[in-house]
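Good morning, and thank you for joining this group meeting.

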Amino acid sequence: MATRNTFADILTKTWAEMSDQNQAQPPQTPWPTAAPEPIDVDAILDAMTQWETTLPGQAPDLQPIPKSVPQSLRQALAHLGIHHLYSHQVKAYQAIQRGKDVVMTPPTAAGKTMAAYVPIIEGALKAGHRCLSLYGLKALASDQEAKLLALQAGMPDAGLAIAKITGDIQGGDARDAILAEEPHILAITPDLLHHELRRVYWSNPWQQFMAQLRYVVVDELHAYQGVFGANLCWLIRRLKMVVDKCGGNADQLQFIGLSATVGNPRDLAGRLISRPATNPDGSKNTRLTWLHKSGARSPEKRLIVANPSRNINEDTTHLMLQLIRAGKQGITFCGSRSATKAITKLLADKAAHQGQPHLAQQVASFYGSLDEVRRRDIIARLSSGDVRWIVATEALEAGIDLPQLDCCILRGFPGNLMSFAQRIGRAGRQQEGLAVLIPMGHSLLDIHYSQETELLGPSEAVHFNPDYPVMVAKHLLCAAKEAGFKLAEVEPYFGKAALPIARMLLTQGELLQRRDGGLYAKGYPHGNVNFRGSISNEQVQLVEADSGQTVETMTLPLAHREVHEGAIYQRQDDEGVMGSYKVIQFDQGQATLHPFSNTEISTQPLGQRDLVPTQPITDPVEVPLHFSDGRQSGRLTLTLSFGQVSQIITDYQILSKRYEPTCLNDKCGRFKKPLNDNPHCPSCGKSARMGTVIDVLDTQSLDPKKYTSHFDSPILSATFDTVARGYLEDYARSLKMQFQDHPQREHYGALWEHPSDLIAIHSLGHQLMLALPLVVLHSQQDLEFLCRDASLGSSSGAWFDVSDGGNGATESILRYWKQLVPKAITLIEGCDCVAGCPKCLSQWHCPDHNNALLKQMGLFVLKAACHK
């Protein structure tokens, strides 16, 4: 098995060779009960609206079902009430019939699933072809499987077989039993397929399936960005080899990609399947057909962007409650599972205060770590009407069909336009819908995207780099374990970048060679691939102490934050009641939960990120900084190393959260502070309103060794010398003088709050990340920048990849420095904001919370680095 040092050695050796192209309970507060009042939804919406628009609908473009569709399939469609196809569905049918690869990007609810599977089912019935359907989420796989089973039910005598394999089906024998039923369509997550390819060698059912494989469906294409996309690209390369080794024909495989929101669909699809959208001579690859115009009916949708909120949980819950009382069904998207629980709990408190506690049982919290039984139950209860509203994370963002939803609320901007379009697409599928974005008042990103010109712009492009040496090495070892290959087969199957890595692995003894020249690997290399780029594959089970039942499963880093010993964990039971549990033990991949009666008590983890370089990849690079002609140049030192990135949980706070009268004026010093039964705030005079009051009761220490999770990644450190810091201090002083009495001084507050070198290094780090996609095929989400030693005159920072083993993004900062710096300057100077915005500075995933940033300080350094 390859070790971390092996991968670090590969990075070191390939650096120079790669070309530039490449727990006391507080007293309870009695609540007065208010009688419900008639609901005027329009008045409520008008009072919070910053601006609104109507997203236009369209009439359907219906066409006859092609005559070549088998009669049994036509009858099955009629059984579902489908007597015509939309125009784009007919075009997809024709393209797939002609043997084309297809990427479809009509909007949400346009019938892309039917467009893909009508020709696939025809191929299965007429020629016995098999289809592998890849879904990024188990919930999505279950949803699509249900649709196909409904179609299958309309043709019971046709012999069509449909199956799904998930991680819930344990053991190779159980999975082989499913495959032995000879399914024509098999739904699976790419993560699981990655591990299952290892079993093909000794699994006859898998071998038979692979020999007949013709179609590969990749749903939600836009989700495959960064490491996830690169790993899928490699999985498809390995799949092609396995198909050929099993007697199939990988060249005849047809790939069908589906997405409603992606900025570069042809390029993305071509790169994922290693059939580029553009041929080497620059001509278009005619094998790939892109269908983007929809012929489906779509209702109008009212889009409202609310005024930025500094009390977002209260405002979100208030709107939800009014819409539920008005008889609406809907979904609220939140950025974290803790937010979904906070919203659900607050709604229960508000409903009880208003004399309607039963409404809380009509709201369900939905997030990824719920078990499949609970997820299915929530969706079923939504369909039956027992659940009126779902509060969800991105786990329900993908194309799961929820046609009964009228409304969608976004608690804050989700971070990118692709996710925004996906989320508002959940509502108003069958009738006119309502979507409301409530921007967070303290978020620069939310403020920026709450502008109409920005929010309604095109979706972002998706990028990834499959040729990163560590990733290449890991997947070559997997392929060698699965099917074995000869050195001559490396480039045809895996690309030019793979051949030198294969030779290195041979030299290191990680790849072994048989007498016939075949290469193989020992051990279990698949375990070294973290498919989605998270920092750990380890899972922790949440077990109820009384019943011994596993109620949720989450990753180890998340468990360190949420279910450490002493943590108060909230979860909703099957009756819709949000209950509290105290973690009484955390050990051996299990957190034991015991019921905790005081629902006002919660916990908040405290910790830090730590970067420790362990092995240099290159010598330090000195970048001259010419701040002024004729004066001594400063220096920026860049040091690239392979190292360890750690998340360390050191303490946790015990909090009291009470729903009681308080001041909700966010400009008041007593904002969300107890008013002690005072009907008015003694500071600002405004009337008391119900809200959540939070008090820190205590802080407890944790064993940091027990609650540390780490991963290995390239780390690029950046440090100014003394001369450069002097220039930065002088420049910051001049900006202070310029904006001391300026009307827009608040935009430049960082100058008075943070050291100048900290502002400069932090701003530089962000600006180069934002420009990275302009130079190489990487997303700014592939890496992060962390400020270090944030004290006067000694601040530094470092970029690091956010996936175990790295993805190549951090190295690209150094490798393409000369191209990247002028691109960053152009990007920043082309932005008309005052002191920085998400286009030119701030980032939603900043570990330093976008503090100590100023557009001008970063630009000052960039120009000095570019100056000849």
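I begin with Arg 733, which forms a salt bridge with Glu 729, their closest N and O atoms being 3.9 Å apart. A salt bridge here is a side-chain nitrogen of Lys or Arg within 4 Å of a carboxyl oxygen of Asp or Glu. What we are viewing is a predicted model, in which local features need pLDDT of at least 70 and side-chain atom pairs count only at pLDDT 80 or more, while totals for chains, interfaces and linings use all residues. Residues are numbered from 1 along each chain as its sequence is written, and side-chain values use heavy atoms, with hydrogens and water left out.

Arg 733 and Glu 729 both belong to helix H22 (residues 722-739), where they sit four residues apart, about one turn of the helix. Helices (H or I, at least four residues) and strands (E, at least two) are DSSP runs, numbered from the N terminus. Arg 733 has 42% relative accessibility and therefore counts as partly exposed; Glu 729, at 29%, is also partly exposed. The cut-offs are under 20% relative accessible area for buried and over 50% for exposed, with partly exposed in between (1.4 Å probe, protein chains only).

How many salt bridges does a search of the whole structure find? The total is 30. Among them is a contact between the side chains of Arg 571 and Glu 544, at 3.6 Å from N to O. Arg 571 lies in strand E22 (residues 568-572) and Glu 544 in strand E20 (residues 539-544), so this pair ties together parts that are 27 residues apart in sequence. Arg 571 is buried at 9% relative accessibility, and Glu 544 is buried at 17%. Elsewhere, Asp 42, Asp 46, Glu 52 and Arg 302 are linked in a network of salt bridges.

I turn now to the strands. In a regular strand the side chains alternate between the two faces of the sheet. In strand E13 (residues 363-366), Val 363 and Ser 365 point one way, Ala 364 and Phe 366 point the other way, and all are buried. Strand E13 runs parallel to strand E14 (residues 389-392), and four bridges join them; two strands pair if DSSP finds at least two bridges between them. Within this pairing, Phe 366 stands opposite Ala 392 of E14. From E13 the chain passes through helix H14 (residues 372-384) to E14, a β-α-β crossover that is right-handed: with the strands pointing away from the viewer, the path from the first strand over the helix to the second runs clockwise.
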